[in-house]
Amino acid sequence: MKSAKSGRDGRTRIIEGALRRFSQDGVSATTLASLREESGVSVGSFYHHFASKEHVYGVLYADTLRMYQEVFLAELQRHEGAKEGIEAIVALHMAWCGENRERAHLLISERPPKRDEPGGTEVSDSRRAFFKQVSDWWRPHMKDGLLQPVHPTMCYVLWLGPATEMCRLWFAGAHQPTQEEIAGLCEAAWQSLRQQPA
């Protein structure tokens with residue numbers, strides 16, 4: 001029982017240590033030695049749980065993306081109105097990033113793992129399922145003439161691009177967003193994505 005607990009704790013310590021190191025130094029600048037030092041695990045313990053730094057990153061990125069997508073979809077599905085849903089997601093994005101700064105920094109600043117890299121299949125499958133659910137919410141509003149037909153990539157850029165850029169400034173210590181600014185980001189997203197009158 002003790003060894004099982006130690007195993008769980010070791011894996012958790014590695015993930016938590018990696019989150020700190022990746023957030024502060026970036027993935028490319030983080031070494032395997034610094035990951036072990038941050039988590040306080042031995043070489044043997046590290047390799048018992050993970051094959052490489054890239055393996056840790058893939059698991060961490062996939063887990064973080066899943067966390068974000070779950071709260072995003074839960075919030076989106078709470079809103080039947082197009083404007084309410086679009087604006088609620090921008091507000092949620094800002095709140096989630098503020099409450100989960102290290103994980104948000106990872107999603108905003110780092111390249112997602114490719115499909116043939118550790119965590120890549122999970123990320124790809126998760127994104128596919130996520131975009132399908134967002135599309136299912138979006139489609140009726142599009143048919144009602146409220147939201148534009150838009151490619152998923154462009155949808156993300158218009159919907160959350162400005163808010164994500166605000167988070168970059170926030171995380172860098174350059175600017176603390178105000179509630180009025182967050183409300184402005186919500187309104188800007190709606191104006192960007194709604195169907196304009198003919």
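Modeller: Helices here are DSSP runs of H or I with at least four residues, strands are DSSP runs of E with at least two, and both are numbered from the N terminus. The model is predicted, so local features need pLDDT of at least 70 and side-chain atom pairs count only at pLDDT 80 or more, while totals for chains, interfaces and linings use all residues. Residues are numbered from 1 along each chain as its sequence is written, and side-chain values use heavy atoms, with hydrogens and water left out.

Biologist: Where does Ala-51 lie, and why does Ala-51 count as exposed?

Modeller: Ala-51 sits in the loop between helix H3 (43-49) and H4. Buried means under 20% relative accessible area, exposed over 50%, and partly exposed in between (1.4 Å probe, protein chains only). Ala-51 has 57% relative accessibility, so Ala-51 is exposed. Pro-118 is 67 residues from Ala-51 in sequence, and their C-alpha atoms are 9.5 Å apart in space.

Biologist: What makes Glu-87 count as buried?

Modeller: Glu-87 is part of helix H5. Its relative accessibility is 19%, and Glu-87 is therefore buried. Beyond neighbours within four places in sequence, Glu-87 is in contact (heavy atoms within 4.5 Å) with Cys-186, Glu-187 and Trp-190.

Biologist: How do you know whether H4 is roughly parallel or roughly antiparallel to H7?

Modeller: The axes of H4 and H7 come within 10 Å and cross at roughly 10°. Axes are lines fitted to C-alpha atoms, for helices over the stretch in contact, and angles run from 0 to 180 degrees between N-to-C directions. Angles under 35 degrees count as roughly parallel, over 145 as roughly antiparallel, 65 to 115 as roughly perpendicular and the rest as oblique. H4 is therefore roughly parallel to H7. Among the residues that meet are Tyr-61, Phe-72 and Leu-76 in H4 and Phe-130, Val-134 and Trp-137 in H7.

Biologist: Which residues have the most contacts inside the largest nonpolar core?

Modeller: They are Phe-22, Phe-72, Ile-86 and Trp-159, in a core of 52 residues. A nonpolar core is a set of buried Ala, Val, Leu, Ile, Met, Phe, Trp, Tyr and Cys residues joined through side-chain atoms within 4.5 Å. H4 supplies the largest share of this core, 10 residues. Trp-159 touches Phe-72 and Ile-86, among others.
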